[in-house]
Amino acid sequence: MTTLHVLVDQVVAPVPGGIGRYAEELTRHLVMTAPDGCDVTAVVSAVGSDDVQRLRTLLPGLSGLQRLPLPRRELSLAWQGGIVGAIAKEMVHAPSVLAPLVKHDRFREPGRQTVVTVHDTVPWTHPETLTPRGVHFHRAMVKRAWKHADAVVVPTHAVAAALNEIHRFDDRLRVIGGAPSGRLQTPVDADLRAERLGLPERYVLAVGTLEPRKGLQYLIEAMAHPDAPADVPLVIAGPDGWGDVDVYSTAEHAGLSRDRVKVLGRIDDQDLAVAYDRASVFVFPSLAEGFGLPVIEAMSFGTPVIHSDDPAVSEVAADAGVTVVRDPRDSYPERIAQAVYQVVNDPLLAGHLAVAGPDRARMFDWNDSAMETWQLHADL
């Protein structure tokens, strides 16, 4: 039996973010698509028993769940320094840069290989939007991947090109994207959930971790701009991140009245499905991404999408959304406001996007991503 060891630590991180969802969905589908004679063991840091049980619930069909001796922070420091332990001798798939990377020769040690996932190049292109510790860790781990990884997965060709400018990975790069979660389905009690969430009849929706890189301050300023539709409020869903992104303070400073902003915080998948499904338009103003999963999630519901011209997001959205140029940055809110007004007030445009979005979203499937991942390990 060949066992693929998948690192799932981000799934139970305090703020899982997009990488946490990616790790969860990919691992679940790696289990479902495992070839004959192959199985999947999940690997996690020294988390508590509640997190272990949660992982077992989220990831049915695992052949095992290996809990490492170090907590998350200590584990990342140890692996950054090349102290990796016995896990490095296995067939390892890391859905992030947290990986046991050391010098090895997979040809002399059959079955030993390490594949790392680099989701974006933000630590190099927009370091000011991350914590200094995060920038240092990601840069260090990508350098270790350049030295020791057998292959590197990236979610888009845009990231592949940008990453190759930083370190020449060349034929070690493999583009494997994400997809909407199968659990994002409109529930039967959608009306009750919408009432409980306090969703307006019409609204602009934004989804993402509340942190500077997501560009939410520009969207808030856009909604306060005279060119924005004055009768459509802004709804924001997502957990708190870092950087003290205070939605209501930002809104007050921008001149957007409090009754035109609603913050849902972190919500479960069924509530999120309702929020996506009922939105008049979904706006993704992010300054830098590697993929932009919420864009595809919104499109899967037929919700019209407006997004930034970040290369990775534009690659994922193709022509199924309205693109807004980020620079010059001081007029970015004005351009977002004009795009929102156009979509909200042009039924033909909104109808076109409602058809184009689901067609584009169907191009992304977790089963395909998992099978491509198995094929990558087989090719090694």
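**Figure 1. Salt bridge between D269 and R183 in the predicted model.** D269 pairs with R183 in a salt bridge, with 3.2 Å between the closest N and O atoms. A salt bridge here is a side-chain nitrogen of Lys or Arg within 4 Å of a carboxyl oxygen of Asp or Glu. The two residues come from distant parts of the chain, 86 residues apart: D269 is in helix α10, and R183 is in the loop between β7 and α7 (190–197). D269 is buried at a relative accessible area of 14%, whereas R183 is partly exposed at 35%. Buried means under 20% relative accessible area, exposed over 50%, and partly exposed in between (1.4 Å probe, protein chains only). This is a predicted model, in which local features need pLDDT of at least 70 and side-chain atom pairs count only at pLDDT 80 or more, while totals for chains, interfaces and linings use all residues. Residues are numbered from 1 along each chain as its sequence is written, and side-chain values use heavy atoms, leaving out hydrogens and water.

Figure 2. Helices (H or I, at least four residues) and strands (E, at least two) are DSSP runs, numbered from the N terminus. Both R21 and D269 are buried. A network of salt bridges links R21, E24, E25, R28, R183, D269 and E297. The count of salt bridges comes to 23.

**Figure 3. Salt bridge between R202 and D231.** The side chains of R202 and D231 meet in a salt bridge, at 2.8 Å from N to O. This pair links distant parts of the chain, 29 residues apart: R202 is in the loop between α7 and β8 (204–207), and D231 is in the loop between α8 (216–224) and β9 (234–237). R202 is partly exposed at 32% relative accessibility, and D231 is exposed with a relative accessible area of 54%.

Figure 4. Most residues other than glycine have a negative phi, and most peptide bonds are trans. D170, not a glycine, has a positive phi of about 50 degrees. D170 sits in the loop between α6 (157–166) and β7 (173–175) and is partly exposed, at 39% relative accessibility. A318 is not a glycine either, and its phi is positive at about 55 degrees. The loop between α12 (311–317) and β13 holds A318, which is partly exposed with a relative accessible area of 34%.

**Figure 5. Cis peptide bond from D327 to P328.** The bond from D327 to P328 is cis, its omega being near 0 degrees. P328 is placed in the loop between β13 (322–324) and α13 (332–345).

**Figure 6. The chain that holds these sites.** The chain has 15 helices and 13 strands. Its C-alpha trace spans about 65 × 45 × 35 Å along the principal axes. Of its 380 residues, 57% count as buried. Where contact means heavy atoms within 4.5 Å, 69% of the contacts between residues at least 6 apart in sequence join residues at least 24 apart.
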